[in-house]
Amino acid sequence: MSIQLVYSKWEKTNVLLHSPALREYIPSTKLFNKENLQLMLAEYGMVYVKPVNGTFGKGVMRVERLKQAAKGYKYQLNTTIRTFPTLELLHQSLVKRINGRRYLVQRGIDLLRHKNRRFDIRVMVQRNENNHWEATGIIGRLAHPAKVVTNYHNGGTPMSFERLLSSHQSPTQKMIYAMRLKQISLDIAKELEKHYPGIKELGIDIAIDQQQRPWILEVNTKPDAFIFRKLEDKTMFRKIYQYAVSYGRYKKK
Ligand SMILES: Nc1ncnc2c1ncn2[C@@H]1O[C@H](COP(=O)(O)OP(=O)(O)O)[C@@H](O)[C@H]1O
Ligand SMILES: [Mg+2]
């Protein structure tokens, strides 16, 4: 019995777009090329450019059109920021970074902040012992102050959902919102399994924008269970780990 893994963010996004209910949560996403870059920057002002087959936030770039007076464009990769007077020059520079690989350009979401640092949410859904999908964990990830990604393997700090949302929502609102994000994640699992019957666990990256609207950034078929161990309360981690061990993700210690 093996776990089905799906690497292509492009393929997974297109599968989710089949569902009218999930569509509204997916930021517009296209394959990277000059035309799509231009169109998306004109429409959204800020986009993320990222590898079709990426992990750990590697190669992820935040690209912006500068406001009126300044004119031009800028992008950030890791901690390096570069600016350009024209789209042509911006594109040339991105193409060098991309170096022949397949990349996506996705509408950028202005992430909610905690202590002036961006954060997003990871929801874990797994098949349980009855083969039913269960939302087994929810956690936040706070970006390193100098970076544009929240990944733990890229300087991000795992933190409880409750703590990160405490300056934005009341305890009751937080409870309801967490339930909503878990339900969206279960709906994602049910949609994806129609196309990928062998998937067993998913880690769903969810952005929350300034209006507190949730957006699905990506879905991982090989999510890291261990970020949940960073939480003081180990309840979620224990269950997640136990499920993962049961289908062979980790060797039991
Ligand atoms: N469209 C976007 N808007 C805002 N932030 C984004 C967007 N896409 C990615 N990010 C940030 O970059 C991180 C890494 O991107 P992601 O698509 O999850 O790729 P990876 O597979 O490398 O984790 C996300 O967790 C988020 O912090
Ligand atoms: Mg991710």
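Trainee: Which residues coordinate the magnesium ion (ligand 2)?
Mentor: In this predicted model, D205 through OD and E218 through OE coordinate the magnesium ion, at 2.0 to 2.1 Å.

Trainee: Where do D205 and E218 lie?
Mentor: D205 is in strand β11, residues 201-208, and E218 is in strand β12, residues 214-220, so the pair ties together parts that are 13 residues apart in sequence.

Trainee: Is D205 buried or exposed?
Mentor: D205 has a relative accessible area of 5%. The cut-off for buried is under 20%, so D205 is buried.

Trainee: And E218, buried or exposed?
Mentor: E218 counts as buried, at 14% relative accessibility.

Trainee: Changing topic. How many helices and strands are in the protein chain?
Mentor: The protein chain has seven helices and twelve strands.

Trainee: What is the radius of gyration of the protein chain?
Mentor: The protein chain has 18 Å, which agrees with the value near 18 Å for a compact globule with 253 residues. Its C-alpha trace spans about 55 × 40 × 35 Å along the principal axes.

Trainee: How much of the protein chain is buried?
Mentor: Buried residues are 53% of the 253. The accessible surface of the protein chain is about 12900 Å², and 50% of that belongs to carbon and sulfur atoms.

Trainee: What about contacts between residues at least 24 apart?
Mentor: Take the contacts in the protein chain between residues at least 6 apart in sequence: 60% of them join residues at least 24 apart.

Trainee: Last one, how many positive and negative side chains are there?
Mentor: There are 44 positive and 21 negative side chains in the protein chain, and the centres of the two sets lie 6 Å apart.

Notes. Residues numbered from 1 in each chain as written. Chains lettered and ligands numbered in written order. Predicted model: local features only at pLDDT ≥ 70, side-chain atom pairs only at ≥ 80, totals over all residues. Heavy atoms only, no water. Helix = DSSP H or I, 4+ residues; strand = E, 2+ residues; numbered from the N terminus. Rg over C-alpha atoms; globule rule 2.2 N^0.38 Å. Buried < 20%, exposed > 50% of the residue type's maximum accessible area, 1.4 Å probe, protein only. Contact = heavy atoms within 4.5 Å. Areas by Shrake-Rupley, 256 points an atom, 1.4 Å probe, with all protein chains shown as cover. Lys, Arg positive; Asp, Glu negative; His and termini not counted. Charge placed at Lys NZ, Arg CZ, Asp CG, Glu CD. Donors = N, O, S within 2.8 Å, 3.2 Å for Na, K, Ca; no water.
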